[in-house]
Amino acid sequence: MKDFADKISAYIDVGYSRDFAVALERFGSHPTLGFKTAGSRAELEAGDFILNEMRRIGLEAFKDGITVDGWEFSAASLQYSDGGREVTVELGAYATDMQCENKTFTLINAGRCTSEELDQLDLKGKIALVFVNQRDEWWINYPAYAAHLRGAAAVIAVQNSGFGEVNAGSLNAQDICGPEYAPALSMSKTDARALVETGLSFGCETQVRLTVKSKITKNVETFNIIGTIRGESDSMLMLSAHYDAYFKGFQDDNTGVAMLLSIARAVVKSGVKPKKTLVFCAFAAEEWGLCDSRYDWSAGAFRQFAERRPDWPQKTVADINIELPAFSHGVRHYMRCVYEYKIFLRNLKKELPGEVTSLYPRGVDIVCPVQTWSDDFAVSLAGIPSMVNEFKVGSFMETHYHSQYDTDSSYDEAIYRFHHMLYARVMCALDETELPPMNFASRFNAMDDALEPLDDPYADGGFRRALYLAAEAGRRLYCLIEDVNSGTVSLPCERRREAEQLLLAAFRFCQDRFVSLDWYEKAVFPFENAQSNVLLLTKAASRLAAGNIKGALEMLYEVDDNSYCDAFDREVVEYFADTDERRPSAWGKGRRDARIDLYDIIRALKRGETAGIADSLTGLRDREYERLTRTVRNLTPQVSEAAELFDKIADLISLTE
């Protein structure tokens, strides 16, 4: 690994990377804000630009067509009169459909757009000005749909806090997670404050003129851009980043795409032929690409393996995904990976040269599992073990992220160089391996650690015993894999390839059986939702019995998605609970438990009504106990089946000639 990595490092040019990231800023459907979004002209042009650069630097490059929902955003502005002075406000937008030219609307201050507030207002045909904190309260889809049901023509969202805090003039964009026919735009705090100061307090209205060009087209073709460097074998090792963007997208994710190209360029210049075929994938439609879905992001990566290249997971040993790599995001760098690569990366970390790790005062660490906020999660569900540079910690996500301030003004050359050097070395280390260095014990140990001390579901000890045996089988298998990768054991080519395919199949088995989602799209184990609900409902009933209604409500808000019950009408809450039953396949579909509906209970407690509620909570808790018991009963033989798979692979590796 060291020779390969050193040769590549000598040719990595961070200046080249920065220049290419800046060049990607020029592609945008909006003349000043940017936006190269799913299926838009700007995304297609940026894709061709990346394709041509891949070919120029010596890659075999091609485009894979995929079908997504497309969004073209080119204009949004609002005009109003302030004491005879005409004021023009530039707006941002979410992936929804609205077209109008200098059309007069009534703008009404709708506060936070809760049901209690909306009961006081008439929104019919009006534009609702809404103040939201999408980080700490609720996503834009809830107020947008709530206003739509009350007859609003659109909402204009102002970020109270949580995002775009770098400047009061920031606009913000996120995926919408809702229907395209409930239009949503965005306004800066500065412009909203100016409007409020004209007298537009809650419930007050004013006349405005609105121009919006935001068009949704379902089922359009866009392209993932692929460049390859052929290796000595057909085994594949992938590096990925996404090239669609909100606003200019310098950090998110122009720098990621540029970094892929820079590493690929260095490999070509080094003249070293890798053992595995290196695949550099620039994904389209990461930010958004599917209407009316809880899982509307990572559409490009999902479609790549679900539809376009379903055979790739059978031969791709890893994906190294890169996000926002030219900013530090804190004092320690984290590599986030699937459980199976945790030990490999921790061991690799010890071998890294000081000049790579010294930039971070607290060094480098490994965390698991991959989470849903970037393409690596969709890639892992397809059966490709993945990892990503952690980017959710630190201030950037609350300040510059998804705003017009995500430009090269935030560029940190030393940190960018660190990412190049670190992940080039990870790539080289993985390329050197004969077999994917997967330690399945990490997953089953984590599952055991996640178990709470509940007597009923785990009383017979069978589940814990199965987890222990699977972890032991995974550990034994990893020792054999290490023997092969260190050269202690030599495998014939055919048997090596068979073992690799079985390892990847075992990984896919674990992803299919042991990865679930909670109601906020966090990756959890299949028993964790029911287990959490048992504990929460038990605490809620106990607090209610003690006369602590507020404390009981705090627990009930944490059950599934019931935090929304306090703020929104039942129709709004139920709409988003059922969204993906109406949608085509997406990466998260089918990975959530059925929802516990606490709407009536929460509303009754808010009114101070407690009669019969304690009994209801006890009944719900008992039902969750039963669901948890069933889940564990079903999981136990699946865990045992995984252990048998590991033993089968171990036997294959151990087979003597």
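**Helix packing and local backbone features of the predicted chain**

Asp253 is found in helix α7, which spans residues 250-270, and in this predicted model the peptide bond that leads from Asp252 to Asp253 is cis, with omega near 10°. A cis peptide bond also joins Cys368 and Pro369, where omega is about -5°; Pro369 lies in the loop between β13 (364-367) and α11.

The setting for these local features is a protein chain with 22 helices and 16 strands. Taken along the principal axes, the C-alpha atoms of the protein chain fill a box of roughly 85 × 65 × 45 Å. Of the 657 residues, 61% count as buried.

Two helix pairs were examined in detail. Two packed helices are described by the angle between their axes and by the distance between those axes. Helix α8 (residues 299-308) packs with helix α11 (residues 375-382) at an angle of about 15°, and their axes are 8 Å apart. Since angles under 35 degrees count as roughly parallel, α8 and α11 are therefore roughly parallel to each other. The crossing of α8 and α11 is right-handed. From α8, the residues Ala301, Phe302 and Phe305 meet Asp375, Ala378, Val379 and Ala382 of α11. Sorted by class, this contact of α8 with α11 has six nonpolar residues, no polar residues and one charged residue.

Helix α8 is mostly covered, with seven of its 10 residues buried. These buried residues of α8 are Ala299, Gly300, Ala301, Phe302, Arg303, Gln304 and Phe305. The elements that cover the buried residues of α8 include the strands β1 (60-82), β8 (205-229), β9 (236-242) and β10 (277-283), together with helix α11.

In the second pair, the axes of helix α2 (residues 14-24) and helix α3 (residues 41-56) come within 11 Å and cross at roughly 155°. Because angles over 145 degrees count as roughly antiparallel, this makes α2 roughly antiparallel to α3. The crossing of α2 and α3 is right-handed. The contact is made by Tyr16, Phe20, Ala23 and Leu24 on the side of α2, and by Ala46, Phe49, Ile50, Glu53 and Arg56 on the side of α3. By class, the contact of α2 with α3 has seven nonpolar residues, no polar residues and two charged residues.

Further backbone features concern the phi angle in loops. Cys177, which lies in the loop between β6 (154-159) and β7 (184-187), has a positive phi of about 55° although it is not a glycine. With a relative accessibility of 10%, Cys177 counts as buried, because the cut-off for burial is under 20%. Leu324 has a positive phi of about 45°, although this residue is not a glycine, and Leu324 lies in the loop between β11 (316-321) and β12 (333-337). At 1% relative accessibility, Leu324 counts as buried.

Definitions and conventions
Residues are numbered from 1 along each chain as its sequence is written. This is a predicted model: local features need pLDDT of at least 70, side-chain atom pairs count only at pLDDT 80 or more; totals for chains, interfaces and linings use all residues. Side-chain values use heavy atoms; hydrogens and water are left out. Axes are lines fitted to C-alpha atoms, for helices over the stretch in contact, and angles run from 0 to 180 degrees between N-to-C directions. Helices (H or I, at least four residues) and strands (E, at least two) are DSSP runs, numbered from the N terminus. Angles under 35 degrees count as roughly parallel, over 145 as roughly antiparallel, 65 to 115 as roughly perpendicular and the rest as oblique. A crossing is left-handed if the near helix is turned anticlockwise from the far one by less than a right angle, and right-handed if clockwise. Contact means heavy atoms within 4.5 Å. Ala, Val, Leu, Ile, Met, Phe, Trp, Tyr, Cys and Pro count as nonpolar, Asp, Glu, Lys and Arg as charged, and the others, Gly among them, as polar. Buried means under 20% relative accessible area, exposed over 50%, partly exposed in between (1.4 Å probe, protein chains only).
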